[in-house]
Amino acid sequence: QVQLVESGGGSVQAGGSLKLACAVAGSTRIYRSYRMGWFRQAPGKEREGVASIDAFGGSTYYADSVKGRFTMSQDNTKKTLYLQMNSLKPEDTAMYYCAAEWGNGGSWYDEESYNYWGQGTQVTVSS
């Protein structure tokens, strides 16, 4: 049973920074074989893709709304995905979810592409 555990959320003022982490546990497959992604869902809105990295350190993708401000990275030895969020804006306020995909294919920004999800971590940005 694959488990994704997010951490690092919190409250910050506009212009501030936060770094989210997502630890992967319980998988019999090597960590690098998963496509990993970050999604977010604001109240009253649909969940949207924020960033993703293809399996085996392939291409990375970012939503237009976060390009230049958010950076995704991963530590393969720790089986952990990170999302460094800088220059945060009130519109970045949302529950942030980590997701992993293996064997599904599909678009990086489509939540239906992902097999496994974390429980989410709240990010609140005040103006």
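Colleague: Over how many bridges do β9 and strand β10 pair, and in which sense?
Modeller: In this predicted model, strand β10 covers residues 116-117. One of the facing pairs is A99 opposite W117 in β10. The pairing of β9 with β10 is antiparallel, and the number of bridges is two.

Colleague: Which residue in β11 is the bridge partner of Y96?
Modeller: Strand β11, residues 121-126, also pairs with β9. That pairing is antiparallel and runs over three bridges. Within β11, the bridge partner of Y96 is T121.

Colleague: How many bridges join strand β4 to β9?
Modeller: Strand β4 spans residues 35-41, and it runs antiparallel to β9. M36 stands opposite A100 in β9. The number of bridges joining β4 to β9 is seven.

Colleague: How many of the eight residues of β9 are buried?
Modeller: Strand β9 takes in residues 94-101. In a regular strand, side chains alternate between the two faces of the sheet. β9 is mostly covered, and its count of buried residues is seven.

Colleague: Is G37 buried or exposed?
Modeller: G37 is placed in strand β4. A residue counts as buried under 20% relative accessible area. The relative accessibility of G37 is 0%, so G37 is buried.

Colleague: Which residues does G37 contact, leaving aside its neighbours within four places in sequence?
Modeller: G37 lies in β4, which is joined to β9 by bridges. Contact here is taken as heavy atoms within 4.5 Å. With the neighbours within four places set aside, the contacts of G37 are A51, S52, L81, Y97, C98, A99 and Y114.

Colleague: What is the C-alpha to C-alpha distance between G37 and W108?
Modeller: In sequence, G37 and W108 are 71 residues apart. In space, their C-alpha to C-alpha distance is 7.4 Å.

Colleague: What share of the contacts with a separation of 6 or more comes from residues 24 or more positions apart?
Modeller: The protein chain has zero helices and 11 strands. Among its contacts with a separation of 6 or more, the share from residues 24 or more positions apart is 57%.

Colleague: What is the radius of gyration of the protein chain?
Modeller: The C-alpha atoms fill a box of roughly 45 × 25 × 25 Å along the principal axes. For 127 residues, a compact globule would have a radius of gyration near 14 Å. The chain agrees with that, at 14 Å.

Colleague: How much of the accessible surface belongs to carbon and sulfur atoms?
Modeller: Buried residues make up 43% of the 127 residues. The accessible surface of the protein chain comes to about 6500 Å². The part belonging to carbon and sulfur atoms is 46%.

Colleague: How far apart are the mean positions of the positive and negative charges?
Modeller: The protein chain has 12 positive and 12 negative charges. Their mean positions are apart by 7 Å.

Colleague: What is the phi of K79 near?
Modeller: Most residues other than glycine have a negative phi. K79 is found in the loop between β7 (70-75) and β8 (80-85), and its relative accessibility of 36% makes it partly exposed. K79 is not a glycine, yet its phi is positive, near 50°.

Colleague: Where is S87, which has a positive phi although it is not a glycine?
Modeller: The phi of S87 is about 50°. At 39% relative accessibility, S87 counts as partly exposed. Its place is in the loop between β8 and β9.

Methods: Residues are numbered from 1 along each chain as its sequence is written. This is a predicted model: local features need pLDDT of at least 70, side-chain atom pairs count only at pLDDT 80 or more; totals for chains, interfaces and linings use all residues. Side-chain values use heavy atoms; hydrogens and water are left out. Buried means under 20% relative accessible area, exposed over 50%, partly exposed in between (1.4 Å probe, protein chains only). Helices (H or I, at least four residues) and strands (E, at least two) are DSSP runs, numbered from the N terminus. Two strands pair if DSSP finds at least two bridges between them. The radius of gyration is taken over C-alpha atoms; the globule rule is 2.2 Å times the number of residues to the power 0.38. Accessible areas come from the Shrake-Rupley method with a 1.4 Å probe; for residues, only the protein chains shown count as cover. Lys and Arg count as positive and Asp and Glu as negative; His and the chain ends are not counted. The place of a charge is taken as NZ of Lys, CZ of Arg, CG of Asp or CD of Glu.
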